[in-house]
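User: I'd like to learn how to read a structure like this one, feature by feature. Could you walk me through it?

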Amino acid sequence: MALIAIPPQPTTLQNLPPRLFTAPPSKFSLTSPPTPNASSTSTVTYSYYPTKSANSVSVSNTTSTSRRSSLVVRASTSPFSPNIADTLGDVNIFTAAGDPVFFKDLWDQNQGIAVVALLRHFGCPCCWELASALKEAKSKFDTAGVKLVAIGVGTPNKARILADRLPFPMDCLYADPERKAYDILGLYYGFGRTFFTPAIAKVFSRFGALQKAVKNYTIKAIADDKSSVLQQGGMFVFKGKQLLYARKDEGTGDHAPLDDIFDVCCKVPVA
């Protein structure tokens, strides 16, 4: 009897079987979709986590850690408070150089316009891509009188790795190692949001930019607190203490279009 070989079917988010995860995967891979004239695809693989150790995280398929789940669920289902800037104001984070700074001191709290980009952790390849886009757009925002503020999860030394190797201007890069601002803003957190959400598909439309941004990428930028890799980011625009725009990233790589952010800033009425 002749045997018929059935070629393996490609794994997609739609046909991925359910399973329990006891630890994060050891690698993060991106494969670009084939072009009509190409005979193969292009794959970029990054070591996204160290091998399992005493510092690794055990994650189930339910929710995030109990410390964070209740806060994130409440905040994500209600609109932002009109006093959100005041709530954030006394949050203490760090410059990339390691100096403590209050959130309220990041921009002029009277009439200053600021774009506050909360990245995931400093070792996220997609965040290197976002940081690269922010750097390229910085001169345009500067000309419009808009201050760019980029905040990432991790310690200042992790921020400096991104700043040195991307590179990225240190004067607008900050570190929030305890994710205080992320908690207050109710940004999404969890294994599903990080690895298994349709929003991740947006990464493939920017595959070339991602490849360029991670040319000097290193796993050493990943936060020492490995639970930080499950944190999602967001984008916010303030005029003084007034929140003009707020967007939570639905998943890894789901970044707000910077052209839209610039349009929001340009439509702000002059005082």
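**Reading the fold, feature by feature**

Analyst: Let's start with the overall picture: buried residues make up 48% of the 271 residues in the chain. Keep in mind that this is a predicted model. The chain has 8 helices and 9 strands, and its accessible surface comes to about 13,900 Å², with 56% of that belonging to carbon and sulfur atoms.

User: What share of the contacts with a separation of 6 or more comes from residues 24 or more positions apart?

Analyst: That share is 76%.

User: Next, the inside. Which residues touch the most other members in the largest nonpolar core?

Analyst: The general idea is that in soluble globular proteins, nonpolar side chains tend to be buried together. Here the largest nonpolar core has 49 residues, and Val115, Leu134, Phe141, Phe168, Leu173, Met235 and Ile261 touch the most other members. Helix H3 gives the most to this core, with 8 residues. Apart from this core lies another of 22 residues, among them Ala85, Val91, Phe103 and Ile151.

User: What does Phe141 touch?

Analyst: Setting aside residues up to four places away in sequence, Phe141 touches Val115, Val146, Leu148, Leu258, Ile261, Phe262 and Cys265.

User: On to charges. How many salt bridges does a search of the whole structure find?

Analyst: Side chains of opposite charge can pair when their charged atoms come close. The search finds 12 salt bridges. Take Lys241 and Asp86, whose closest N and O atoms are 2.9 Å apart. Lys241 lies in the loop between strand S8 (234-239) and strand S9 (242-248), and Asp86 in helix H2 (residues 84-89), so the pair ties together parts that are 155 residues apart in sequence. Lys241 is partly exposed at 41% relative accessible area, and Asp86 is partly exposed at 43%.

User: Is Arg179 buried or exposed?

Analyst: Arg179 is buried, with a relative accessible area of 3%. Its salt-bridge partner is Asp225, with the closest N and O atoms 3.2 Å apart. The pair links distant parts of the chain: Arg179 sits in the loop between strand S7 (173-175) and helix H5 (180-185), Asp225 in the loop between helix H7 (207-213) and S8, 46 residues apart. Asp225 is partly exposed, at 37%. Elsewhere, salt bridges that share partners join Lys202, Arg247, Asp249 and Asp254 into one network.

User: And which residues is Ser228 in contact with?

Analyst: Leaving aside neighbours within four places in sequence, Ser228 is in contact with His121, Val153, Arg179 and Ala223. So there's our buried Arg179 again. Ser228 is found in the loop between H7 and S8 and is buried, with a relative accessible area of 1%. The C-alpha atoms of Ser228 and Gly154 are separated by 7.7 Å, although these residues are 74 residues apart along the chain.

User: Last one: how many aromatic pairs are there?

Analyst: A pair of aromatic rings is described by the distance of the centres and the angle of the planes. The whole-structure search finds 7 aromatic pairs. Phe80 and Phe236 form one that is edge-to-face, at 5.7 Å centre to centre and 90 degrees between the planes. Phe80 is in the loop between helix H1 (66-76) and H2, while Phe236 is in strand S8, 156 residues apart. Phe80 counts as partly exposed at 27%, whereas Phe236 is buried at 1%.

User: What about Trp128 and Tyr217: why is that pair edge-to-face?

Analyst: The ring centres of Trp128 and Tyr217 are 5.2 Å apart and the planes are at 65 degrees, so the pair is edge-to-face. Trp128 lies in helix H3 and Tyr217 in the loop between H7 and S8, so the pair ties together parts that are 89 residues apart in sequence. Both Trp128 and Tyr217 are buried. To finish the aromatics, Phe103, Trp107 and Phe238 form one cluster.

Methods. Residues are numbered from 1 along each chain as its sequence is written. This is a predicted model: local features need pLDDT of at least 70, side-chain atom pairs count only at pLDDT 80 or more; totals for chains, interfaces and linings use all residues. Side-chain values use heavy atoms; hydrogens and water are left out. A salt bridge is a side-chain nitrogen of Lys or Arg within 4 Å of a carboxyl oxygen of Asp or Glu. Helices (H or I, at least four residues) and strands (E, at least two) are DSSP runs, numbered from the N terminus. Buried means under 20% relative accessible area, exposed over 50%, partly exposed in between (1.4 Å probe, protein chains only). Contact means heavy atoms within 4.5 Å. Accessible areas come from the Shrake-Rupley method with a 1.4 Å probe; for residues, only the protein chains shown count as cover. A nonpolar core is a set of buried Ala, Val, Leu, Ile, Met, Phe, Trp, Tyr and Cys residues joined through side-chain atoms within 4.5 Å. Rings of Phe, Tyr and Trp (its six-membered ring) pair if their centres lie within 6.5 Å; planes under 30 degrees apart count as stacked, over 60 as edge-to-face and the rest as tilted.
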